[in-house]
Amino acid sequence: MKQVPLNQTEITSALDDSSIPLYVGLYQYIKQEISGGQWPHSARLPSVRKLAELLNVSTTPIEMAYQQLLAEGFIASKPRSGYYVQMAADPPFSPPIQTSLPKGPMLKRHRYFPYDFHMSKNEYQYFPLTEWRKTYNRCLQENATTDMLFYGDPQGEEGLRYQIANYARSFRGVSCTPEQVIIGSDPFPLLDLVSRLLLPYGQTIAVEDPCYPQHPEVFRQKGYDVIPIPVLQDGIHQQELQSSGASFVSVSPSHQFPTGVIMPISRRLSLLQWADETGGFIIEEDSDGEFRYEGRPIPSLQGLLPDSRVIYLGGFSQVLSPALGIQYMILPNILLPDYHQLKFQLFLDCTASKLNQITLERFMREGHVERHLRKMRMKLRRKHDRLINAIRYHFGDRAHISGTGSGFHLMLGLRHPLSEEELQTIAEDRGIRVNSASYTRMTNPDNPKEPEHREFILGFGGLREDEIEAGIKLLADCWLGDLRI
């Protein structure tokens with residue numbers, strides 16, 4: 001029985017492109033070998049397990065590549081025998097070979113970095129997993145009916161909405177009732193709802209520049225005109241906002257992403273006045289407002305005035321874990337009738353797990369969330385300070401630090417002849433994950449404020465304290481080595 005002629009060196013080389021998922025690279029390589037006649041008809045492919053061992057990867061990308069080739073007719077599967085080349089050499093046409101996929105931060109395949117400065121990771125070893133498991137099991141036992149397995153309240157479970165309303169009031173100064181709380185699995189379905197709710201009120205939204213790209217992209221996909229407004233030292237440029245003609249604005253006033261700028265109270269009140277005078281709405285993103293390391297947490301913009309025209313977005317991805325899949329938004333009362341009508345028209349169901357919602361309700365009621373939050377604030381404060389000290393020691397006056405005092409990341413700026421993309425690649429080759437800030441800029445992403453000025457987002461939540469110093473030392477060595485000569 002003929003076996004395909006495997007060349008481990010060629011395969012490994014074909015999979016080196018980190019801009020595409022592993023299974024795509026393997027699929028493309030095998031497809032090209034078959035199409036070019038290098039792998040003869042009826043030759044047997046290595047088993048999934050054997051090829052995974054050869055390449056030192058998991059079986060999942062091998063299975064995915066084989067299934068795609070099977071679907072396209074390049075290989076055939078014989079029960080209890082394996083996979084075989086199906087396509088003969090010299091086919092009647094030459095199948096197109098996709099050499100690359102569009103580049104972007106989300107297209108890179110997952111890989112392990114010894115020093116992972118991911119901008120929103122946490123040290124999940126401190127997550128109260130035992131208490132969560134016990135609470136989950138109790139909820140299952142006490143609600144052991146078929147209703148537990150059916151759709152829940154489209155708006156989110158009532159008990160959890162009550163707990164979230166209390167939590168938002170206590171920790172973020174939000175003014176709301178449980179009726180204003182809408183629960184979802186992720187920011188995207190909540191933003192999608194917001195984009196639908198606001199359509200009758202206008203079709204122009206202003207967004208901070210830089211910002212997290214999901215916000216402008218959701219509205220752009222819905223047909224809105226998206227206007228980038230620069231972020232100044234005290235938040236979004238309000239004069240430009242007022243002259244933009246926008247009906248809505250998306251801001252993160254308590255810890256702007258990615259700059260870390262905090263909007264002062266005078267600017268917040270001016271923004272609320274703008275919304276009231278124009279009949280517009282403010283979308284307040286507040287994913288990490290609970291984590292402040294200098295002074296007390298900054299209260300939300302939403303709670304500054306009663307019944308303000310603010311749509312507040314929060315969640316538990318960073319407070320607890322993104323794996324729980326529970327985010328929430330708090331709508332102003334004026335939008336509630338529109339929401340209930342939309343819920344009826346679209347037959348909406350809550351996208352968050354009902355089981356996780358019921359567990360989280362009890363988890364909050366029994367004080368686990370508050371205790372965990374208190375513990376993580378102390379641990380993150382130590383990491384935050386250690387990162388700042390390490391940058392100052394190893395980079396000296398070659399680096400500028402900004403966006404400190406809150407959240408899970410800070411900004412590192414430096415002057416360097418290489419581009420941000422080149423510097424990021426150098427760091428990754430040395431086992432360090434950092435994020436260039438370029439993808440957050442809507443205007444002139446490749447032309448920062450000054451020539452050769454580079455900016456990076458460095459998260460500190462996912463590293464152990466003893467890893468931060470070594471990671472920053474290595475980063476300084478690989479970025480500044482030649483410049484020190």
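In the predicted model, helix 13 and helix 15 cross with right-handed geometry. The axes of helix 13 (residues 368-395) and helix 15 (residues 465-480) approach within 9 Å, at a crossing angle of roughly 30°. Because angles under 35 degrees count as roughly parallel, helix 13 is classed as roughly parallel to helix 15. On the helix 13 side, the contact involves Arg382, Lys383, Arg386, Leu387, Ala390, Ile391, Tyr393, His394 and Phe395. Helix 15 contributes Glu465, Asp466, Ile468, Glu469, Ile472, Lys473, Leu475, Ala476, Trp479 and Leu480. By class, the contact of helix 13 with helix 15 comprises 11 nonpolar, one polar and seven charged residues.

Leu193, Arg196 and Leu197 of helix 7 meet Asp338, Tyr339 and Leu342 of helix 11. Four nonpolar and two charged residues make up the contact of helix 7 with helix 11, with no polar residue.

Phenylalanine 347, in the loop between helix 11 and helix 12 (354-365), has a positive phi of about 50° although it is not a glycine. Phenylalanine 347 is exposed, with a relative accessible area of 70%. A positive phi is likewise found at aspartate 307, where the value is near 55°. Aspartate 307 is placed in the loop between strand 9 (281-285) and strand 10 (310-315) and is exposed, at a relative accessible area of 53%. Most residues other than glycine have a negative phi, and most peptide bonds are trans.

Cis peptide bonds occur at two prolines described here. Aspartate 209 and proline 210 are joined by a cis bond with omega of about 10°; proline 210 is located in the loop between strand 5 (204-209) and helix 8 (214-221). The bond from phenylalanine 257 to proline 258 is also cis, with omega near 5°. Proline 258 belongs to the loop between strand 8 (248-251) and helix 10 (265-278).

Aspartate 116, in strand 3 (residues 115-116), is buried, with a relative accessible area of 9%. The side chain of aspartate 116 forms a polar contact of 2.8 Å with the side chain of arginine 433. Beyond neighbours within four places in sequence, aspartate 116 contacts Lys121, Arg433 and Leu463.

Definitions and conventions. Residues numbered from 1 in each chain as written. Predicted model: local features only at pLDDT ≥ 70, side-chain atom pairs only at ≥ 80, totals over all residues. Heavy atoms only, no water. Helix = DSSP H or I, 4+ residues; strand = E, 2+ residues; numbered from the N terminus. Buried < 20%, exposed > 50% of the residue type's maximum accessible area, 1.4 Å probe, protein only. Polar contact = N/O pair within 3.5 Å; in protein donor to acceptor, adjacent residues only side chain to side chain. Contact = heavy atoms within 4.5 Å. Axes fitted to C-alpha atoms, helices over the stretch in contact; angles between N-to-C directions. Parallel < 35°, antiparallel > 145°, perpendicular 65-115°, else oblique. Left-handed = near helix turned anticlockwise from the far one by under 90°. Nonpolar A, V, L, I, M, F, W, Y, C, P; charged D, E, K, R; others polar.
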